[in-house]
Amino acid sequence: MSDFIQGLLVESEAPAWLAERRDAAAARWRESSKPTRKTEAWKYTSLLPLERDFSAPTAADMATPALPDFGGEQLLFVDGQLQGDLSSLALPDGVSLVRFADANEAQAQQIAARLGSVVDSDKHLFANLNDANLSDGLFLHVEANARLEAPLHLVYQTSDREPAFSVSQRLLVVLEDNAEASLVEHFQGTSPAAFTNGITELVLGAGSRLRHRRLQLESAGAMHIGGVHARLERDSQLDSFHLALGSELKRIDIVVEHAGSGAHCDLNGIYLLRGSEHVDYHTCIEHAVPHCTTDEVFRGIMGDSSSAVFNGRIHIHPDAQKTRAELSNKNLLTSTDAEINTKPELEIYADDVQCAHGATVAQLDEGMLHYLRTRGVERAEAEVMLSYGFINELVDALDNEALREYLHPLLAERLTRDTRLTRHLA
Amino acid sequence: MLKVENLHAKVEGKDILKGLNLEVNPGEVHAIMGPNGSGKSTLGHVLAGRPGYEVTDGSVQFEGKDLLDMETEERAHAGIFLAFQYPVEIPGVSNMEFLKASVDATRESQGLEPLDTVSFMKLARDASKAVDLDASFLKRGVNEGFSGGEKKRNELLQMMLLEPRLCIMDETDSGLDIDALQVVANGINAMRGEQRSFVLVTHYQRLLNFIEPDYVHVLSGGRIVRSGDKSLALELEEKGYGWIEDVA
């Protein structure tokens, strides 16, 4: 067995202005130790599949995958390597996208000032790993009052090569005051040799609005441990949607800090597992200031002998009066061998707040099932339709029709391989 | 077509139907009236095969077959349709997906090919027009956020697409304003025919102003205590149910 700590560090070049950050993180990483099942944050997620020597990816050799069109500009990375050229993108005035490695001095300063300002690498081991492997990244900047309406679609594909390789993705999104943007992060790949560590930081300036979608569509053996870390300034709005298909190992941390009054966060997510797959979502909403609101809904379906974790924390600080925060987590187990570990955590240190949370492990609704059957739909198909509806409710709330239509068949296919049972869906 | 003999049924351990007899022939319209708690809705649910409704005695024959021995979906395939008093909402499944699944399942049970999407869409749009439901309701989740009247019209829409032999309408008139009632009644009247029968379960006589029944039955204490023609409904309207309970 190789050394977990050493195995995950990869050799890479970084621009000088990033190197200091990277080296400091690498030093911290070397001093850290592998979390065990006794580490609270990793209690239900085994890191055993990462006990390997990972190399840095080299230029990949694979055909460009067919990609859906969500109506905006698209960028493809294969094994961490950007395909094509950023300069070919048509972005609105006031919107810029640069690679860390290509940043000019002014841009490098902007990046350096914001990078790591939202994510706490001391608290998040794999964010620290991302820093330690930092050689490049993407910086999306939206100037004050500028708007990126058509969603920027970032596709992170892993290829099927051997031996084990690790891809480090870093995205920094900065919306200045009253800016608006729409973004889709889309990860896919099936190789058991691929490990992706994708860390995204979202900085929302006062009055800004970000529509953010993160699709973790890696399946089969592909592994991902990553996170989305957001800070919301006064009156900003984050609408963040997450979807994870199960795979060998998947762990996503979502941390949202309400840092300015009047901020609002919609956080919704779906996880769909089968076989022996594993998904772990850890969400944490920090209400640090008064008058902020959070609506969080996560739903999951676990089949076969898969296992999922949902840990949803809402932390209301003493000053955060007049907070309204609601968290709901509903789970459907479609097999007696499937497992869900769900834990909503509400920590309230202010007295004038309105909070609700709930977690359920549910069966299919007998009343709905009966209704479908009275219309002639056979039980097996009715069950699949209801499972689909249970999660699709969140997909149908998305405002992008192309995205909805892309996701519908993915959801259906995940529920059963028997296409007879899904033929009326999607 | 339908022959119910000495039907006894329990719900949650409580005896609700206590020896009900009813015979419905092709083309007939029967109204079943009765006070609250008399077992009207239970009859519909037992015929449709709702879980938790336990038949303890008696028999039900539908077109010569033992209905009680059939699964819920088999009863639907055989031509039984229950229009629910409280249609169920199914968020995340579109009305169109639901309707297509229902129609395909029914056609397949009859040995017919499923309809192609274009033909089906046309059929569904025409039917939604006939029940005065905007076509946008086809794209929404099944009954999701529909008003009471919209749900009832959606039931009627399903009935039109499935073309059942026996339609059991459970309090279809409840919660409808006069215009919606007219639409629903017109839909039902348009579907009347020599081979199709109706059982209208209703508390009030009002619906029968629009749909003329061949027979009226009064259900009380889990049994049919009186049967007659449409004039019985008017008599009930005038005298109330107390009179019937006294007779029973």
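Two residues are in contact here if their C-beta atoms, placed from the backbone, lie within 7 Å. By that test, Ile168(B) touches Gly44(B), Leu47(B), Phe81(B), Leu82(B), Ala83(B), Val199(B) and Val201(B), leaving out residues up to four places away in sequence. What you're looking at is a predicted model, where local features need pLDDT of at least 70, side-chain atom pairs count only at pLDDT 80 or more, and totals for chains, interfaces and linings use all residues. Residues are numbered from 1 along each chain as its sequence is written, while chains are lettered from A and ligands numbered from 1 in the order in which they are written.

**Chain A overall**

- Chain A has 8 helices and 19 strands; helices (H or I, at least four residues) and strands (E, at least two) are DSSP runs, numbered from the N terminus.
- The radius of gyration of chain A (taken over C-alpha atoms) is 21 Å, close to the 22 Å that the globule rule gives for 426 residues, so chain A is as compact as a globular protein of that length. That rule is 2.2 Å times the number of residues to the power 0.38.
- Along its principal axes, the C-alpha trace of chain A spans about 70 × 55 × 45 Å.
- Of the 426 residues in chain A, 51% are buried. A residue is buried if 20 or more other C-beta atoms lie within 10 Å of its own, exposed if 12 or fewer, and partly exposed in between.
- Take the contacts in chain A between residues at least 6 apart in sequence: 82% of them join residues at least 24 apart.

**Chain B overall**

- Chain B has 8 helices and 12 strands.
- Its radius of gyration is 18 Å, close to the 18 Å that the globule rule gives for 248 residues, so chain B is as compact as a globular protein of that length.
- The C-alpha trace of chain B spans about 55 × 40 × 35 Å along its principal axes.
- Buried residues account for 48% of the 248 residues in chain B.
- Among contacts in chain B with a separation of 6 or more, 71% come from residues 24 or more positions apart.

**The nonpolar core**

- The largest nonpolar core has 187 residues, and those with the most contacts inside it are Ile168(B) and Leu200(B). Such a core is a set of buried Ala, Val, Leu, Ile, Met, Phe, Trp, Tyr and Cys residues joined through C-beta atoms within 7 Å.
- Helix H6 (residues 379-396) of chain A provides the largest share of this core, 9 residues.

**Where the chains meet**

- The contact takes 24 residues from chain A and 23 residues from chain B.
- On the side of chain A that touches chain B, helix H5 (366-374) and H6 of chain A each supply at least two residues.
- H6(A) gives the most to that side, with 11 residues.
- Sorted by class, the side of chain A that touches chain B has 9 nonpolar, 7 polar and 8 charged residues. Ala, Val, Leu, Ile, Met, Phe, Trp, Tyr, Cys and Pro count as nonpolar, Asp, Glu, Lys and Arg as charged, and the others, Gly among them, as polar.
- H5(A) is mostly covered, with 7 of its 9 residues buried; among them are Met368(A), His370(A) and Arg373(A).
- What covers the buried residues of H5(A) includes H6 of chain A, plus helix H1 (40-48), helix H2 (72-78), strand S6 (80-83) and strand S7 (90-94) of chain B.
- Just after H5(A), Gly376(A) takes a positive phi of about 95°.

**A helix pair in chain B**

- The axes of helix H5 (residues 148-162) and helix H6 (residues 178-191) of chain B come within 10 Å and cross at roughly 10°.
- That makes H5(B) roughly parallel to H6(B), a label for angles under 35 degrees.
- Residues making the contact include Leu156(B) and Met159(B) of H5(B), and Val183(B) and Val184(B) of H6(B).

**Two residues to look up**

- Ala83(B) sits in strand S6 of chain B and counts as buried, because it has 27 C-beta neighbours inside 10 Å.
- Ala83(B) and Met159(B) are 76 residues apart in sequence and 7.8 Å apart in space, C-alpha to C-alpha.
- Asn329(A) lies in strand S17 (residues 324-333) of chain A and counts as buried, because it has 24 C-beta neighbours inside 10 Å.
- Leaving aside neighbours within four places in sequence, Asn329(A) is in contact with residues including Phe298(A), Phe310(A) and Pro344(A).

Notes. Axes are lines fitted to C-alpha atoms, for helices over the stretch in contact, and angles run from 0 to 180 degrees between N-to-C directions. Angles under 35 degrees count as roughly parallel, over 145 as roughly antiparallel, 65 to 115 as roughly perpendicular and the rest as oblique.
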